Amino acid sequence: MTDWTTSAPEALRTYATLDSHGGKVSKRVEVLTDVPSSAADGRHDGMVAVRGPWPTGALDEHAEDGAELVRGTPTVGWVDPATLRDWYRPDLVIVPLPEAHGAGLRPGLFADTRTRGRVRIDDREGHVGPDGRPAFRALAGSPGDLRLDAPLPRDEVVRVVEVRDDARTEDGASAVAVLTTPVLPVLAPGVYPDHAGDRAGLPPAPAPGSVRVRAFWVEQGERAEIVRLDAPANTMWVDRGHRGPVPVAVSGVGPDLVRYVTEAIAA
């Protein structure tokens with residue numbers, strides 16, 4: 001029996017949007033990059049395996065034990081990779097320690113930006129900056145003498161890069177791991193450290209309290225509250241009143257159509 005379970009770690013799984021059923025239905029599917037992309041009879045040559053709630057709108061693959069496909073239950077299908085969009089592609093690179101030192105790779109958390117290149121940050125979560133936009137706490141200076149930099153707007157961030165020095169190569173030698181993950185341009189609703197008192201040029205300081213953030217999507221002049229975000233699926237769930245939360249692709253919205261409301265929470 002074919003084993004369709006992915007061996008990829010949770011942090012390295014790949015997702016994409018599949019427009020199925022003649023473009024009438026869009027759904028997020030996991031792209032099974034570690035599954036052979038062809039069958040013995042050549043039916044799947046040039047195609048990739050994806051997993052999503054059946055029916056996926058793809059060439060569905062029945063389990064070899066004859067189990068029936070059940071609507072809404074995850075199943076595997078085969079699709080032309082050109083039909084997939086909104087890819088979420090994490091990447092892990094292992095660099096031998098001598099090469100990492102030569103390249104200047106140092107442990108830490110960074111953001112690759114469009115305008116400023118790679119910038120050190122101190123937290124994977126964003127916060128709402130003084131201008132009302134979500135931002136990372138950007139840092140400048142040497143690792144031993146860090147200072148706060150100007151807040152880095154979320155819509156400038158392309159990918160988050162985590163550098164760790166606890167990795168090993170295949171032959172067991174010391175190495176540096178570089179994990180790169182996409183970042184949504186929308187801040188997820190929730191509770192965050194309150195860094196509104198940040199001052200550029202000063203060392204980072206502990207947050208005096210927390211701030212509750214609510215996010216709203218402005219659509220045709222009306223505000224709809226964003227209930228939650230699913231980053232790997234590139235999807236935000238929007239409250240539609242009596243219809244309840246419905247999924248919307250973040251890439252189809254844009255950060256300029258999202259507004260935030262913050263409420264300070266005492267420590």
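Asp86 counts as buried, with a relative accessibility of 19%; buried here means under 20% relative accessible area, exposed means over 50%, and partly exposed lies in between (1.4 Å probe, protein chains only). Before we go on, a word on the source: this is a predicted model, in which local features need pLDDT of at least 70 and side-chain atom pairs count only at pLDDT 80 or more, while totals for chains, interfaces and linings use all residues. Residues are numbered from 1 along each chain as its sequence is written, and side-chain values use heavy atoms, with hydrogens and water left out.

Back to Asp86, which is found in strand E6 (residues 84-88). Strands (E, at least two residues) and helices (H or I, at least four) are DSSP runs, numbered from the N terminus. Although Asp86 is not a glycine, its phi is positive, at about 55 degrees. Most residues other than glycine have a negative phi. Gln220 also has a positive phi, near 55 degrees, and is a residue other than glycine. Gln220 is found in the loop between strand E18 (210-219) and strand E19 (222-230), and is exposed, with a relative accessible area of 80%.

Now look at strand E5 (residues 74-79), where five of the six residues are buried. E5 pairs with strand E3 (residues 48-53) in the antiparallel sense over six bridges; two strands pair if DSSP finds at least two bridges between them. Within this pairing, Trp78 in E5 is the bridge partner of Ala49.

Let's turn to charged side chains. The structure holds eleven salt bridges, each a side-chain nitrogen of Lys or Arg within 4 Å of a carboxyl oxygen of Asp or Glu. One of them joins Arg137 and Asp122 (2.9 Å, N to O). This pair links distant parts of the chain, 15 residues apart: Arg137 is in the loop between strands E11 (134-136) and E12 (138-140), and Asp122 in the loop between strands E9 (117-121) and E10 (127-128). Arg137 is buried at 7% relative accessibility, whereas Asp122 is partly exposed at 32%.

Another salt bridge is formed by Arg240 and Glu219, whose closest N and O atoms are 3.0 Å apart. Arg240 lies in the loop between strands E20 (235-239) and E21 (245-249) and Glu219 in strand E18, so the pair ties together parts 21 residues apart in sequence. Arg240 is partly exposed, with a relative accessible area of 26%, and Glu219 is partly exposed at 28%. Elsewhere, salt bridges that share partners join Arg13, Glu30 and Arg51 into one network.
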